[in-house]
Amino acid sequence: MAYRLRTRSIHAGQPNDPSTGAVAFPIYQTSTFAIEEPGKPAAFGYARTDHPTRRALEDCLASLEGAEHGLAYASGMAAINGVLALLRSGDRVVSTRDLYGGAWRIFTRLYAKLGIEFEFVDSTDLEAVRLALRPETKLLWLETPSNPLLKITDIAACAALARAAGALTVVDNTFATPCLQQPLDLGADIVLHSTTKYINGHSDVLGGALIVRDRALYTDLKFFQNAVGAVPGPQDCFLILRGIKTLPLRVREHCASARVVARYLETSGLVGKVLYPGFPDHPGHAVAEAQMSDFGAIISFELDASWEEAIAFTKSLRLWTLAESLGGVKSLFCHPATMTHASVEPDVRKSVGISDGLIRLSVGLEDPADLIEDFEQAFESIAARRSVPCAV
Ligand SMILES: Cc1ncc(COP(=O)(O)O)c(C=O)c1O
């Protein structure tokens, strides 16, 4: 019987322990496993290759994305590296332009040096994607909603273009989670997650994942993962598995609060443009409505303030924490230009649209009324500074 997502988030890959009846999947804190006799196949041999707690997490993630195969990594960046290791010198990657700064950095500063060519396009422009795909293109790299501009790419249309050109489509599904968006059903070949974010959801673990349906692709990814050893430990796998059990409930509440906060920000005099795919006038709203079941809980906005005022604003927030990362129960905000996207050259940032006044919010699970009141007092503190008469 095919269970629904909420049920799978609790049960998939995690049966009650047959030897003890333990309801919580055990943390097998071991690096190696006894083998009965030389040459005889065993369920597990060495923890870098495969590990029961990690496998439970991998099976659960695969199930949530509607796939057969999952691979858990030590971080989202390790998962990104796992995909790039499929490439050879001379291969090309077409990537969305607006993407996580760390992905940009590994593309341009590491893999470009190894002879892999990267072309960055606005993936919301299907004609630009079509023109960029050439016979040497092996991967089409998408991030939607994108980090930090919340651009929405039509996954099905892009994946169809990539398939026709002989390229695989990778979708970084970190912002949406499998609760809101199922890229494999839309034609993607590889789903990528920084499980550090919503999937774990409590800002206490680093992790990454790749999920695929194709057995041969899985075998290639698994070979490289084992060869390099970018795997998470059993405690981290356990914590992520625990986080997943409430993922559908958390994401539902995150989205509901984000709707309220986004509407509030639109009415604030000190905020310029609010980027939130749930607004009907967001350029990607129609595509988001078609391919997502809700609009996520990341909001970006331009603060209509001087640099000094912006610093004062960030310091006067009490509930919102200035921090890297997103997707946890605590609301966080970040300044992409100096934080998540500091590794992107300033002219590139500007051309992509990441201004120095851009603030990215990760709406947590506090009462949204408290989150809004915190903004109100911070905006009031800017207004009060403005009304202070200049000393003569
Ligand atoms: C969309 C996205 N993908 C990948 C990553 C990298 O993940 P990690 O920090 O777990 O290595 C991040 C990190 O912020 C991210 O936001």
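Predicted model: local features only at pLDDT ≥ 70, side-chain atom pairs only at ≥ 80, totals over all residues.
User: What distance separates the end C-alpha atoms of helix 14, and what span should its 20 residues have?

Analyst: Helix 14 covers residues 368-387, and at 1.5 Å a residue its 20 residues should span 28 Å.

User: Which backbone nitrogen does a side-chain oxygen of Asp367 reach at the start of helix 14?

Analyst: At the start of helix 14, a side-chain oxygen of Asp367 comes to within 2.9 Å of a backbone nitrogen. A pair of N or O atoms is counted as a polar contact within 3.5 Å. The nitrogen in question belongs to Ala369.

User: Which helices and strands are included in what covers the buried residues of helix 14?

Analyst: The buried residues of helix 14 include Leu371, Phe375, Phe379 and Ile382. Residues three or four places apart point the same way, because an α-helix has 3.6 residues a turn. The cover over the buried residues of helix 14 includes helix 10, strand 8, strand 9, helix 12 and strand 12.

User: How do the residues lining the largest cavity divide into nonpolar, polar and charged?

Analyst: The largest cavity holds about 60 Å³ of space, and its lining includes Arg97, Asp98, Asp122 and Lys151. The residues of that lining divide into 2 nonpolar, 4 polar and 4 charged.

User: How many nonpolar residues are in the lining of the second largest cavity?

Analyst: About 40 Å³ of space lies in the second largest cavity, and among the residues that line it are Leu99, Trp104, His341 and Ile354. Its lining has 1 polar and 2 charged residues, while the nonpolar residues number 5.

Definitions and conventions:
Residues numbered from 1 in each chain as written. Heavy atoms only, no water. Helix = DSSP H or I, 4+ residues; strand = E, 2+ residues; numbered from the N terminus. Expected span 1.5 Å × (residues − 1). Buried < 20%, exposed > 50% of the residue type's maximum accessible area, 1.4 Å probe, protein only. Contact = heavy atoms within 4.5 Å. Polar contact = N/O pair within 3.5 Å; in protein donor to acceptor, adjacent residues only side chain to side chain. 1 Å grid on protein atoms, 1.4 Å probe; cavity = no way out; pocket = protein on both sides within 12 Å on 5 of 7 lines; lining within 4 Å. Points joined across faces, edges and corners; volume = space filled by probe spheres on them. Nonpolar A, V, L, I, M, F, W, Y, C, P; charged D, E, K, R; others polar.
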